[in-house]
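Have the structure open beside you and follow along.

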Amino acid sequence: MDDTPIEFLQNKNNFMPIRYSYSQIRKMSERIQDKLGEGGYGSVFKGKLSSGRLVAIKMLDKAKANGQDFINEVATIGRIHHVNVVSLVGFCSDRTKRVLVYDFMPKGSLDKYILSREEFISLSWKKMDEISLGVARGIEYLHRGCEMQILHFDIKPHNILLDENFVPKISDFGLAKLYSTDDSIMSITAVRGTIGYIAPELIYKRIRGVSHKADVYSFGMLLMEMSRKRKKLDAAMDNSSSQTYFPLWVYHEMVQAKTIEVEDAIEGEEENMIKKMTIVGLWCIQIRSCDRPSMRKVIQMLEGHAKNLELPPEPTFNIEQVPTENVEGATNQT
C-alpha cells in the first residue's frame, strides 16, 4: 500500500511530489493546530514549509486511510500541472497515516461565495465569469490535455478553490478515474459524485454509456448555481415553485424573458455574462450525454456573447419523460 502511489509516479511521470514523514507534517503544521475545515474525508489544516510557503494539509480519516481515495489523489494530481488545477506539493504515507499537502488557497472554496446567505460575501459578475471560464479550462485540460483522460466525477462549488487573485483551482480527486485517451465510453460499477451534481447516466441503468460528459453535467449545475446565486432564490421563488426542479425553473424564466433579481446585476455587459452562463449551464445538463457540449465547446461558448447562443431543449432529470430510443445508446462525444 505504501509503495503503490510512489511506483505509479516513478513509472508514469518524471515529476514526483515530495514524500514527507509524519514528523515533518506535524512540524510544518505546528503540531496540527490551525484547522481550516472538515469533511467526510477527514480534516484540513494550515501549514508552512521551511521556505515560508503556505500549504493546506489534508489528513485522511483513519477509516479511509487505506482506501482508494489516497492513491487516486496522489497518482492523479501528482502528475498534472495546470493553472486551474490545485497543485500537490507532497504526501505522507507513514504506517496508518495518510496525508496530502497542497498549495494553500487563501480565498477558500467557491461555495461560500455562491451558496452563502451572508450579504457581505459576494463576487462581481465579471469575477464570476472569469471563474467559470477558469474551471471550464481546468476540466478541459483533465479531459484532453493529459497523457491520460482524467474524469473528476465530483465537480461542485466545494471542490473549486480560489487563490489570492480568485483564480479557480479544481481540487479533491478522491473520486477521479483515469482512462486511455482512446476510450470514449467508461465502465463504472458504482454511483460516483454528490447528489445534485451527478449526471443521470451514473444513476439510471437505462442510460447506457458513461463518459467525460458526466463532468460536463456537473459543471452545468455549477454554472446554474453561479449564474443565479442560489442564496437569492428563496426570496424569488414562492412556496409552490420552490419544489420545482431548479434548472427547469431557470429555463422557464429564460423563456418568459423575465429578469430575475440578482445582486449587482445591471444592463449590458453583466447581463450578458449572467445570460451566457445560464444558457451554457442549461446545455451542459441535458439528460442525454450526446446533447451536451464537450468542454472545448463550452469554453468557446463562454468566451463568446449570449446573443450568439441558442436556448437548449427544456431540461429534465426524469428519465421516464424521455423516449427509450432517445436515451439508450446516446453516446456521441462531440
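**Aromatic pair and its burial**

I looked up Phe-166 first, and at 19% relative accessibility it counts as buried (under 20% relative accessible area is buried, over 50% exposed and in between partly exposed, with a 1.4 Å probe and protein chains only). A note on ground rules: this is a predicted model, where local features need pLDDT of at least 70 and side-chain atom pairs count only at pLDDT 80 or more, while totals for chains, interfaces and linings use all residues. Residues are numbered from 1 along each chain as its sequence is written, and side-chain values use heavy atoms, with hydrogens and water left out.

I then searched the whole structure for aromatic pairs and found one. Tyr-113 and Phe-166 have ring centres 5.7 Å apart and planes at 80 degrees, so they sit edge-to-face (Phe, Tyr and six-membered Trp rings pair with centres within 6.5 Å; planes under 30 degrees apart are stacked, over 60 edge-to-face, the rest tilted). The partners are 53 residues apart: Tyr-113 is in helix H4 (residues 111–114), and Phe-166 is in the loop between strands E8 (160–162) and E9 (168–170). My helices (H or I, at least four residues) and strands (E, at least two) are DSSP runs, numbered from the N terminus. Tyr-113 is buried too, at 9% relative accessibility.

**Val-135**

Where does Val-135 sit? I found Val-135 in helix H5 (residues 125–144), buried with a relative accessible area of 1%. Its contacts (heavy atoms within 4.5 Å) include Ile-160, Pro-168 and Phe-219, leaving aside residues up to four places away in sequence. I also checked Val-85, 50 residues from Val-135 along the chain, and their C-alpha atoms are separated by 8.4 Å.

**Helix H6**

How many of the 16 residues of H6 are buried? I got 16 of the 16, so H6 is largely enclosed by the rest of the structure.

Strand E3 (residues 42–48) is mostly covered, with five of its seven residues buried. I see E3 pairing with strand E4 (residues 54–60) in the antiparallel sense over seven bridges (strands pair if DSSP finds at least two bridges between them). One pairing I looked up is Gly-47, whose bridge partner in E4 is Val-55. The two strands form a hairpin with five residues between them, and Gly-52 in the turn has a positive phi of about 100 degrees.
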